[in-house]
Amino acid sequence: METILSIDNLNKKYGNIQALKNVSFEIKKGNVYGILGPNGSGKSTTLGIILNVVNKTSGSFMWFEGKTDTHHALKKVGAIIERPNFYPYMTAEENLKLVCDIKGIHYDKVMEKLEVVGLLERKDSQFQTFSLGMKQRLAIASALLNDPEILILDEPTNGLDPQGIRQIRDIIKYIASLGTTILLASHLLDEVEKVCTHVVVLQKGEILYSGSVHEIMANEGFFELQSDNNSELKTLLQNHAAIDTIDEEDGKLYVFLKSPLEAAELNRYLFQNNISLQHLVKRKHSLEEQFLHLTNHK
């Protein structure tokens, strides 16, 4: 599978602040990637560097396996990294035609892309009459005019109401189904879980996880446990080879695994060591739970 983008040990400093620290990952053709992290984690800085609008401190990145330089490679990229900015008194069609003039693109792409984002019926409406969601959809249409191989979106649903969020998600899924690779940055777990095939989890400029969304959710899972003596229970669990970390909250122990362990096997182990459980449930991680586990233990 073709590699669209390779990032290798990317670092960025703003004075004494380390915005990115040894960030490395690859983007393969045909997938939807999410860079997930709280505000200030380095998501926008990463996008800015690969789009040549932010200077890196060290490290490297390479577009399309190095077959072309960054300047020419970016002609195959569509990106929205700021708020949509069009002329308010011009119509949707007129604004997109202006983008075509700037980029040297034929006008026949305008109607095609308006249809992709569901704005064909509003082609003659002025931009100033659009809702925030419609403005964002027009921005996506603009980014698609050059038929990019990869579409880059920074917080694409930020500030939108639930209907607007769903429309943007559906558009992203549709664009991906046509074969366009997508890279989006988001602090919304739900967005990444529903849209992306792969995820890079960032915190304070460092990667905590990089891989498929399926893998991060389909890990070994965790147990919820409770006994008469949670302190003794916790001490015993810490000596078990399959157990990674243990959290305690509201009188329950949350036991995270690093290798397979079935509930019956754990119960037997505890019983043999004179611990009787009042509560035992084995759960699989949601993306939210795994994200919180990763970030809380960093």
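## Helix α3

In α3, the residues A92, E93, N95, L96, V99 and C100 are buried, where buried means under 20% relative accessible area with a 1.4 Å probe, protein chains only. They sit on the same side of α3, because they cover an arc of only 165° around the axis; the arc is that of the directions from the helix axis to the C-beta atoms. An α-helix has 3.6 residues a turn, so residues three or four places apart point the same way.

The cover over these buried residues includes α4 and α5, with contact meaning heavy atoms within 4.5 Å. Just after α3, G104 has a positive phi of about 70°.

## About the model

This is a predicted model, in which local features need pLDDT of at least 70, side-chain atom pairs count only at pLDDT 80 or more, and totals for chains, interfaces and linings use all residues. Residues are numbered from 1 along each chain as its sequence is written, and side-chain values use heavy atoms, leaving out hydrogens and water. Helices (H or I, at least four residues) and strands (E, at least two) are DSSP runs, numbered from the N terminus.

## Helix α5

Now for α5: eleven of its 13 residues are buried, so the rest of the structure largely encloses this helix. Those buried residues pack against β5 (77–80), α3 (92–103), α4 (108–116), β6 (150–154) and α6 (162–177).

## An open sheet

Four strands make an open, antiparallel sheet in the order β11-β12-β10-β13, where two strands pair if DSSP finds at least two bridges between them. β11 (243–249) and β13 (277–283) are at the edges with a single partner strand each, so one side of each lacks a neighbour in the sheet. Six bridges join β10 (residues 222–227) to β13, and E224 has V281 in β13 as its bridge partner.

How values were computed. Buried means under 20% relative accessible area, exposed over 50%, partly exposed in between (1.4 Å probe, protein chains only).
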